[in-house]
Each structure stands twice: as C-alpha cells, then as structure tokens.
Amino acid sequence: MNRIALLEKYRAGYAAVTDALTGVSDSALDAEPGSGEWSARMVVHHLADSETHAYIRLRRLIAEDDPAIIGYDEAEYARRLHYDRPIAASLALLGAVRAASLQLLERLTPDEWDRAGTHSESGRYTVDDWLRIYAGHPHDHAEQIRGGLSG
C-alpha cells in the first residue's frame, strides 16, 4: 500500500472503531469472546494506550536523531491499568491523538519521511514503518470488536 493510501487508512481508523461500537450496550462491552481474549472494552483501552505510544514514537522519530523506540508489554498494561473502566475518555483520546498525528504526517517533508530510529524488538524503524503499523491497527481491532460482539 502506498503512502497516500496508508494516510487515508490512518485517517479512517478512529471512525472504524466508533462504528464497530455503535449501539453496543455497556454489558456487551464486557463480553469476552473466548478464554483469555480481550473484551471490546479492553480493546478500546488498549487502542488508547497504543495510540499514546504511537504519538510519542512518531514525534521522537522526527525530532530526535536515531531514537531508541522501546516496546511495551500490552498484556501487562491490560492487567495493571484497570481496563474495566468506562471507555469514553479512551475513545476521546484515541480520536484526538490520531487527529494530531495526522496533521503532523500531512506536513512531513521527504527528509522527515526518511527519518528512522531503532525499535527494541524489531530493529530499524522508520516513519514509513510507523505509518504501516498504525494505519491498520484500529481497523484490525474494530474487526476484533465486531467479532467478539457477534460471537
């Protein structure tokens, strides 16, 4: 997928999540689709946490020379960060952070797109790598939400 298509996919990510949640009751948010699988509520909190990491990662890639991009334990976040709380603030955060990052992405110069750092788990990590990962992330989880609600 080319950069323009990835930017469009990134732009549509928040709507994919909110569409997947349309009409979902509070109790349905807590239904676990299978043993050890995340409920829709947990997925929303994960998306907010992931997006805040993405926000910082993108800015570090652009503003710092060869930054170290550190991975994090998503399952531990889910265990320790009270993923049973209401989702409104996490949804708002997801939308706001994605909008702010999209504004930045749309202004990058060719040299800024070429900037890179080193990810602790995957090695060399460029702005384009970042976009490939985060463009599809909420879409994947929107499908997970829909599947968990229908399962």
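Reader: Which side chain makes a polar contact with the side chain of Ser90?

Author: In this predicted model, the partner is the side chain of His45, at 2.8 Å.

Reader: What makes that pair a polar contact?

Author: The cut-off for a pair of N or O atoms is within 3.5 Å. The Ser90 and His45 side chains come to 2.8 Å, so the pair meets the cut-off of 3.5 Å.

Reader: Which residues does Ser90 touch, not counting those up to four places away in sequence?

Author: Ser90 touches Val44, His45, Ala48 and Arg85.

Reader: Why is Ser90 called buried?

Author: Buried means under 20% relative accessible area. Ser90 has 6%, so Ser90 is buried by that cut-off.

Reader: Where is Ser90 placed, and which other residues of that helix are buried?

Author: Ser90 is in helix α5, residues 88–105. The buried residues of α5 also include Leu91, Leu94, Gly95, Val97, Arg98, Ser101, Leu102 and Leu105.

Reader: How do you know that the span of α5 agrees with its number of residues?

Author: The expected span is 1.5 Å times one less than the number of residues. For the 18 residues of α5 this gives 26 Å, and the end C-alpha atoms are 26 Å apart, so the two values agree.

Reader: How many cavities of 30 Å³ or more does the structure hold, and what is the volume of the largest cavity?

Author: The structure holds one. The largest cavity has a volume of about 50 Å³.

Reader: What makes a space a cavity and not a pocket?

Author: A 1.4 Å probe fits in a cavity but cannot get out, while a pocket is an open set of points. The lining of the largest cavity includes Trp38, Val43, Ile145 and Leu149. The largest share, four residues, comes from α7. By class, this lining has eight nonpolar, three polar and no charged residues.

Reader: What is the volume of the largest pocket, and which residues line that pocket?

Author: The volume is about 200 Å³. Among the lining residues are Ser50, Arg57, Glu74, His119, Tyr134 and His137. Two or more lining residues come from each of α3 (40–63) and α7 (127–150), and α7 gives the largest share, three residues.

Reader: How do the residues of the pocket lining divide by class?

Author: The lining of the largest pocket has four nonpolar, five polar and three charged residues. Arg57 is one of the lining residues, and Arg counts as charged.

Conventions
Residues numbered from 1 in each chain as written. Predicted model: local features only at pLDDT ≥ 70, side-chain atom pairs only at ≥ 80, totals over all residues. Heavy atoms only, no water. 1 Å grid on protein atoms, 1.4 Å probe; cavity = no way out; pocket = protein on both sides within 12 Å on 5 of 7 lines; lining within 4 Å. Points joined across faces, edges and corners; volume = space filled by probe spheres on them. Buried < 20%, exposed > 50% of the residue type's maximum accessible area, 1.4 Å probe, protein only. Polar contact = N/O pair within 3.5 Å; in protein donor to acceptor, adjacent residues only side chain to side chain. Contact = heavy atoms within 4.5 Å.
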